[in-house]
Amino acid sequence: MNLINVVAKFKIEDECIDHLIAIRWPNGVCCIKCGEINVQEMRIEASRRKNGRFIPARRLFRCLRPECKGYQFTAKAGTIFDASHLPLHKWFMAIGLIVEGKKGVSAKQIARHLGMEKSYKTVWYLCHRIREAMQDGGDFLTGIVEADETYLTPKKPRKGKPYVKKEKRDIVFGMIERGGRLRLIPIADAKREIIEPVMDKHIDPNATLQTDGHATYGIITERKWVGKHRVIDHNSSYAWGDVHTNTIENAFSLLKRGIYGTFHKVSIKHLGRYCNEFSYRFNRREDQANLFNSTVKGLVNGKALRFKSLIEKTDPSDVSL
């Protein structure tokens with residue numbers, strides 16, 4: 001489902017609703033109140049009221065169970081799409097752009113593609129709601145797992161301009177299975193008491209841990225992964241056979257190309273969503289056919305991200321693990 005297919009398949013709202021129904025109710029439409037499959041579809045034609053207000057055509061479902069007393073609902077009811085004034089074909093086009101962008105797509109660029117240059121705030125909110133749905137499950141990473149941290153710092157200025165060193169740098173902790181899944185987690189600091197709970201939450205105790213020579217990892221593995229910790233000393237070499245952290249370094253490189261080249265600047269408050277986006281897309285790089293549908297499913301089943309919570313001020317040190 002690349003962008004060309006999205007545009008060709010979802011030209012009108014009815015086609016989008018059909019696809020939404022197929023993803024939300026693969027075994028047939030059921031009542032969102034009682035769960036019964038005994039429902040009737042109704043089509044209400046577009047009309048214009050006496051006050052001049054135009055009412056667009058709608059597709060409704062009515063539950064035929066007596067206890068529901070004719071309860072009516074739409075395919076978008078109870079989902080993130082229900083609270084949005086944007087048509088579904090614009091939602092689907094934005095999803096197609098984001099899941100296909102290997103290094104991410106900025107809200108400004110999506111606004112131009114959707115013809116919404118004057119509605120940047122709406123598009124920015126739209127992008128964050130899509131990123132909120134791009135989350136993986138909490139299963140442990142297994143096998144050989146590489147772990148490392150990276151620092152997101154502004155690029156040095158051009159020659160002749162003063163360089164002001166940033167006091168506090170944004171840090172991302174990364175873990176990746178060899179040939180498998182990636183996890184990128186923003187952390188407040190690279191201290192043992194912060195890194196250790198993250199590793200306990202995401203890495204299987206029976207996994208083989210591969211890190212660099214940072215002393216923090218040596219202390220952590222004295223309690224866990226005893227005898228299953230391999231270290232590469234970057235002062236002497238970057239790889240000894242299969243002992244290396246090049247896989248996670250490559251993932252960091254992709255993340256930084258997106259942060260520096262596409263988004264230019266990312267707030268620490270929203271960094272977690274960008275990390276989720278890159279991890280989600282990376283983990284499905286071999287399954288492009290289902291990438292679009294899995295994102296739509298995440299939006300259908302996910303919790304709504306309120307605009308108020310998106311813009312409210314938070315403590316920069318309060319980074320979610």
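These legends accompany close-up views of a predicted model.

**View 1. The buried side of helix α4.**
Let us start with α4, which spans residues 107–114 and has A107, I110, A111 and L114 as buried residues. Why do these residues sit on the same side of α4? They cover an arc of only 105° around the axis, which puts them together on that side. The packing partners of the buried residues of α4 are α3 (88–100) and α5 (120–133).

Rolling a probe the size of a water molecule over the atoms shows where empty space is left. Here, the structure holds one cavity of 30 Å³ or more, and the space in the largest cavity is about 30 Å³. Which residues line the largest cavity? You will find L182, L184, A251, L254, L255, F278 and F282 around it. Two or more lining residues come from each of β8 (182–187), α8 (246–263) and α9 (271–283). With three residues, α8 provides the largest share of the lining. Sorted by class, the lining of the largest cavity has seven nonpolar residues, with no polar and no charged ones.

Is S237 buried or exposed? S237 has a relative accessible area of 18%, and the cut-off for buried is under 20%, so S237 counts as buried. Its side chain reaches the backbone oxygen of A239 at 2.9 Å. The side chain of S237 is also joined to that of W240 by a polar contact of 3.4 Å.

**View 2. K69, with a positive phi.**
K69 is a residue other than glycine, yet its phi is positive, near 55°. Look for K69 in the loop between β4 (58–63) and β5 (72–73). Its relative accessibility is 75%, so K69 counts as exposed.

**View 3. W225, with a positive phi.**
Where does W225 lie? Its place is in the loop between α7 (215–221) and β10. The phi of W225 is near 60°, a positive value in a residue other than glycine. W225 has a relative accessible area of 3% and is buried, whereas K69 of the previous view is exposed.

Definitions and conventions:
Residues are numbered from 1 along each chain as its sequence is written. This is a predicted model: local features need pLDDT of at least 70, side-chain atom pairs count only at pLDDT 80 or more; totals for chains, interfaces and linings use all residues. Side-chain values use heavy atoms; hydrogens and water are left out. Buried means under 20% relative accessible area, exposed over 50%, partly exposed in between (1.4 Å probe, protein chains only). Helices (H or I, at least four residues) and strands (E, at least two) are DSSP runs, numbered from the N terminus. The arc is that of the directions from the helix axis to the C-beta atoms. Contact means heavy atoms within 4.5 Å. On a 1 Å grid over the protein atoms alone, a cavity is a set of points where a 1.4 Å probe fits but cannot get out, and a pocket is an open set with protein on both sides within 12 Å along at least five of seven lines; lining residues have an atom within 4 Å of a point. Grid points are joined across faces, edges and corners, and a volume is the space filled by probe spheres set on the points. Ala, Val, Leu, Ile, Met, Phe, Trp, Tyr, Cys and Pro count as nonpolar, Asp, Glu, Lys and Arg as charged, and the others, Gly among them, as polar. A polar contact is a pair of N or O atoms within 3.5 Å; within protein, one must be able to donate a hydrogen and the other to accept it, and residues adjacent in sequence count only if both atoms are side-chain atoms.
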